[in-house]
Amino acid sequence: MIEARNISRDFGGNGLGSTDISLDKGGFIGISGASGCGKSTLLNILTGMLRPDSGTVLIDGEDINKLSSAKRTALRAGKIGYIMQGSVLLGELTVLENIILPARIAGKTPDNAKAEKLCEKLGIDNVMNSYPSDISGGEYRRTMLARILFADTPILVADEPTSNLDEESAAIVRNMIKEVHDKGVSIIAATHDSELLSLADSVIQLHPLH
Amino acid sequence: MRTIKYALNVITYSRFRSIIVFILVFVTTVCIFGTGLFTDNIKSGADKLNGTTNTDLYIVPQEYLDSTKDMLFKGKACTILFHEDELNGIQDIQGIDVSRQLYLETLEMSCCSAGGLQIVAYDPKTDFSVRQWSDKAPELKADEILAGSASHFKIGEEVNAFGRSFKVADILEETGMGYDSSLFLTYEAADSITASLDYKFMFGQQDGLVSMLLVRQNSGSDITSLSEQINAALSGSELKVYAVDELTSGLRGNIRMLTGMVGIMDVFAFIIASVSLFAMVTVTTQQRRKVAGSLLSVGCGKGRILMMFLSEYLLLFAAGTVLGIITSLIFLLPLHDVLKTALDMPYKLISAGQAVGIAAKTLAINAGMLAAALSFTFITIMKQEPAMLTGENL
């Protein structure tokens with residue numbers, strides 16, 4: 001599904017050193033490493049959110065760095081659900097509206113019942129009609145996970161999905177990731193969470209660039 | 001519809017920002033449209049000065065020149081009198097049409113419901129001026145009256161002036177001059193007033209009184225030489241001939257000064273409002289870099305993101321522009337006559353088509369400003385890689 005060779009990106013001493021990664025269909029790769037070793041850079045390159053200084057990224061055999069910005073965006077819409085660390089919900093929309101937003105963007109009629117069920121599973125059904133500014137940090141992260149899962153993409157890329165969460169929220173997120181993995185979704189997750197890493201088929205350890 | 005709904009959500013959610021953007025659009029609209037309409041109305045009045053009366057030369061008593069100007073262009077009522085015998089000298093001049101007018105200021109007496117108004121008497125047979133503003137002018141009867149557009153009389157209404165009752169036969173088109181607040185009656189009626197015993201104390205019980213003689217040359221001769229010819233014929237008299245430019249030169253200077261000052265203030269306010277608006281749109285769009293990055297991460301195209309941002313501003317710009325135009329009209333239209341009086345200079349409402357033109361110009365400037373601000377910011381943002389927009393710790 002994803003095949004990356006010798007990808008690197010240098011941000012003036014920080015960033016990602018030359019890295020290879022290969023994710024098969026239904027696979028689960030964990031990425032670990034100290035802060036600043038390039039975990040987020042790697043995920044952003046794999047999802048086409050960032051161009052590498054070198055190397056190639058193939059998704060289903062297609063070199064995403066040769067695609068236009070619009071095509072990379074379309075590729076994410078169809079194939080990759082990406083939970084970024086710095087990602088935000090739209091403050092003007094309710095939790096439920098944020099979850100169904102990607103479907104709306106894709107021009108589909110969103111299945112509200114499916115979104116509500118997802119909220120129930122992630123324990124955010126009580127805040128479905130609240131605005132992001134009125135919910136807790138844990139609920140915020142779970143809403144972002146729900147937004148990605150709702151899109152039903154075959155690949156899930158998650159950057160520190162359980163960081164800054166209380167144990168209960170973290171467990172809910174881990175269980176949800178395991179559940180979608182069991183359903184055949186391919187997953188790459190960068191995390192310090194050893195319990196989450198234990199769910200992965202393989203773990204790549206990254207090291208600081210210098 | 002979803003985009004509009006989202007835009008309404010954003011506007012409601014970010015009330016403060018929305019109110020500021022709305023106010024800035026409103027101010028720029030009032031600056032462009034309101035002052036544009038106001039100055040064009042003044043210019044429209046000024047443009048009419050030369051052509052309105054269809055007259056090339058005016059013959060008036062020299063000492064009443066200022067009163068004549070005030071009456072003609074500012075609507076200040078006055079009574080100017082000289083006898084028609086004084087005009088005998090010009091009877092032999094060929095190639096001109098002449099038409100006399102008599103200005104009588106109505107007395108604020110119990111007999112006069114039309115107190116404070118200017119009465120203008122004209123001769124329907126020789127008139128070439130009043131007939132431009134009313135089809136009824138050439139056939140006005142002695143017991144009828146024509147009312148100026150701003151005199152607030154209605155057709156068919158009975159008006160009492162100088163102890164006589166007149167029926168309003170027609171309302172004149174707007175002239176942009178003092179005529180708009182005047183009443184027009186026939187010389188026959190005026191003679192009966194000035195010759196009556198009741199007003200002997202005012203008019204000396206005589207007819208054939210004149211205030212101004214309007215001269216129109218019809219031979220294609222040079223106005224300057226015609227003017228010299230008339231002045232020569234009137235030598236020894238208190239009467240003097242004036243070309244329309246001589247009557248309006250001072251007024252035109254005042255108009256230029258006023259429209260210039262309004263224009264400078266307008267430009268100043270417009271620059272402040274538009275720079276603030278540009279800054280506001282730029283800053284608020286920059287603040288949404290994270291939103292743009294997040295939307296890109298979930299596969300939302302740039303065009304769609306632009307539409308989401310644009311729709312919010314479009315609604316605010318549309319609302320601000322429409323309300324600015326309506327407010328300007330609400331202020332300028334009902335207060336038209338008040339402004340006309342207060343301005344002390346010609347003021348004529350421009351046509352609906354011209355007003356629509358100014359509204360279209362306003363809309364185009366506002367739309368251009370929005371497009372410039374948003375495209376500048378949007379292009380700056382979208383040049384960056386999506387991951388950079390979200391502030392990822394890379």
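How many residues does the contact take from chain A and from chain B? Let's find out, keeping in mind that this is a predicted model, where local features need pLDDT of at least 70, side-chain atom pairs count only at pLDDT 80 or more, and totals for chains, interfaces and linings use all residues. Residues are numbered from 1 along each chain as its sequence is written, while chains are lettered from A and ligands numbered from 1 in the order in which they are written.

**Stop one: the contact.** Select both chains: 28 residues of chain A and 23 residues of chain B take part, with two residues in contact if their C-beta atoms, placed from the backbone, lie within 7 Å. On the side of chain A that touches chain B, helix 1 (39-46), helix 2 (69-79) and helix 3 (95-105) of chain A each give two or more residues. Helices here are DSSP runs of H or I, at least four residues, and strands are runs of E, at least two, numbered from the N terminus. Helix 2 of chain A provides the largest share, five residues.

**Stop two: strand 4 of chain B.** Now select residues 118-122 of chain B, where five of five residues are buried (20 or more other C-beta atoms within 10 Å of the residue's own, C-beta atoms being placed from the backbone). B:Gln118, B:Val120 and B:Tyr122 point one way, B:Ile119 and B:Ala121 the other.

**Stop three: the neighbours.** Finally, show strand 8 (residues 182-186) of chain B, paired with strand 4 of chain B in the parallel sense over five bridges, with B:Ser182 opposite B:Gln118.

Definitions and conventions
A residue is buried if 20 or more other C-beta atoms lie within 10 Å of its own, exposed if 12 or fewer, and partly exposed in between; C-beta atoms are placed from the backbone. Two strands pair if DSSP finds at least two bridges between them.
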